[in-house]
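This briefing covers strand pairing, disulfides and model confidence. Please read it alongside the sequence and the coordinates.

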Amino acid sequence: MPTKFTTAVTAALMLNGCSLATSHNTSDTSLSCASPSEQLKIEQYYHNKPTDPLPLSSRMLEINEGKVASALANSIGVDANPEILSKVWQTIDSWGNEQNVEFITTINGWHGFTFKTKVPTSRDKFAPGFYDIFADQGKGLHGHINPLQVKSIYATKFPMKDGKRNLAISLFDDKGDGIASLYVTTTFSTSKLAQGFDKTWALIESLPRSCR
Amino acid sequence: MKYISSLTHGFNVKLCFATVLVASFATLLSSSTLAELNPITAINTCAVPAIQEKVNKFYLGKGKGAPLMIAGRALKLPEALIASALQPEQHIGVKADAKRIKDIWTTIDQWGEETNVRLVFTMGGSHVFDFPSNVPIRQEDLDDGWLDIFADQGDGVRGHLWLDQIKTVYAINLPGSDGTPTRAISFYAADGSLIIGVYASISTKSYDKAVEPGFEKTWALLKTLPKACG
């Protein structure tokens, strides 16, 4: 994986490894797009708690994160493929690798982990079968995302008081489960993070939208 | 509750805190329906001889000292199955329940809150995230079905493990290709997928020597617990 050792091992051994996690190019939107009744539940929830991040509302509502994101008025999503993942993450690269964000992941929808990290940026070379993102010039988070398993990508703007903006980019799998999310809290719309997020938002807005 | 407060930690959400508390409690009470939301198919994660042969061939060859997720991906096997297939002296696998997991993590606490480790997450073998962290320490036990673990007194990683979903725990100690062993404590779901791996050291990588006595304590505890296989 992230080390020289693991890079060597993966290069040698993972050429055939992609099939462990097989591609699910399902078009079954019922798994990742909110139904009308779910949409109603989600809207009611966010009417009362507009600031709740997706993993929290997902758990509260017992509706997967992807569906929750699909139902929010302040959220836009794109059906993902490896090319789109790459394009989106290139805009995240522009947020600045010295900027701080909150990384949130849930393991199979059950176990939650959150931590602060510098913005993980894409690598020049990827391990076979992966889209690699490293933070802090390799000294921080190492992420190896299987691009075939990223079904949708959402950008979400959460309203906040006191002029703050909470912004999120979330990757979901074909079941609507969260793979990883970057959350940003910023006060000024002119901040580098906010401007970077706006670029990502604009890109997603220009692409074919999920659940439409 | 800590899961909730942790998720909201970065958001400065204070306005509806009381509501969140009430709602989180209600959610935990109704958590049985989460099984329908995220079903996990249990498998037999105990390796048969053919699997053992495959895994040991890997580790005797070019995979020497490789972290388990690399072996899992290379051999296209669930990670818990890989762990169970290692040579007897290289692993201890135990059946998990809430008390055992808490006891195990209490020994991980003893590695030292300022001791550096590497944490690894995978999602069904598809995606891998790993990062350096100080040892995440158990938080107050609310006996609510969660194990809350925070590093750096809450400034570092905040993890929330759903205890009922952890079925096995493995300690591994593999010879590395450069003399540095690969040592980890890994927690697995019923389908053999990794929930979290705490790597004390990884072959070819420098590591925090302070981890060694603590890792031995955790190893010793696992030796006393009911075995996952056999």
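How far apart are the sulfur atoms of C46(B) and C229(B)? They are 2.0 Å apart, and the two cysteines form a disulfide. The model is predicted, and a search of the whole structure finds two disulfides over all chains.

**Disulfide in chain B**
- The torsion about the S-S bond of C46(B) and C229(B) is about -90 degrees, so this disulfide is left-handed.
- C46(B) sits in the loop between α3 (34-37) and α4 (49-60) of chain B, and C229(B) in the segment after α8 (211-223) of chain B, so the bond ties together parts that are 183 residues apart in sequence.
- C46(B) is partly exposed, at 22% relative accessibility, and C229(B) is partly exposed with a relative accessible area of 26%.

**Disulfide in chain A**
- C33(A) and C211(A) form a disulfide with their sulfur atoms 1.9 Å apart.
- Parts that are 178 residues apart in sequence are tied together by this pair, because C33(A) lies in the loop between α1 (4-13) and α2 (36-48) of chain A while C211(A) lies in the segment after α6 (192-206) of chain A.
- With a torsion of about -80 degrees about the S-S bond, the disulfide of C33(A) and C211(A) is left-handed.
- C33(A) counts as buried because its relative accessibility, 12%, is under the 20% cut-off.
- C211(A), at 28% relative accessibility, counts as partly exposed.

**Sheet across the two chains**
- An open sheet of nine strands runs in the order β4(A)-β5(A)-β6(A)-β3(B)-β2(B)-β9(B)-β8(B)-β7(B)-β1(B), with antiparallel pairing.
- Its edge strands, each pairing on one side only, are β4 (121-122) of chain A and β1 (91-95) of chain B.
- Within chain B, β2 (residues 116-123) and β9 (residues 194-201) pair in the antiparallel sense over three bridges.
- R118(B) stands opposite Y199(B) in β9(B).
- Strands of a sheet pair through backbone hydrogen bonds, in either a parallel or an antiparallel sense.

**Helix on the sheet**
- Helix α5 (residues 82-93) of chain A lies across β4, β5 (131-134) and β6 (142-145) of chain A.
- The angle between α5 and β5(A) is about 10 degrees.

**Confidence in chain A**
- The average pLDDT of chain A is 85, and 87% of its residues score at least 70.
- Over residues 1-26 of chain A, pLDDT stays under 50.
- For residues 1-26 of chain A the model has 63 contacts beyond four places in sequence.

Key: Residues numbered from 1 in each chain as written. Chains lettered and ligands numbered in written order. Predicted model: local features only at pLDDT ≥ 70, side-chain atom pairs only at ≥ 80, totals over all residues. Heavy atoms only, no water. Pairing = 2+ DSSP bridges. Helix = DSSP H or I, 4+ residues; strand = E, 2+ residues; numbered from the N terminus. Contact = heavy atoms within 4.5 Å. Axes fitted to C-alpha atoms, helices over the stretch in contact; angles between N-to-C directions. pLDDT = per-residue confidence, 0-100. Disulfide = S-S within 2.5 Å. Buried < 20%, exposed > 50% of the residue type's maximum accessible area, 1.4 Å probe, protein only.
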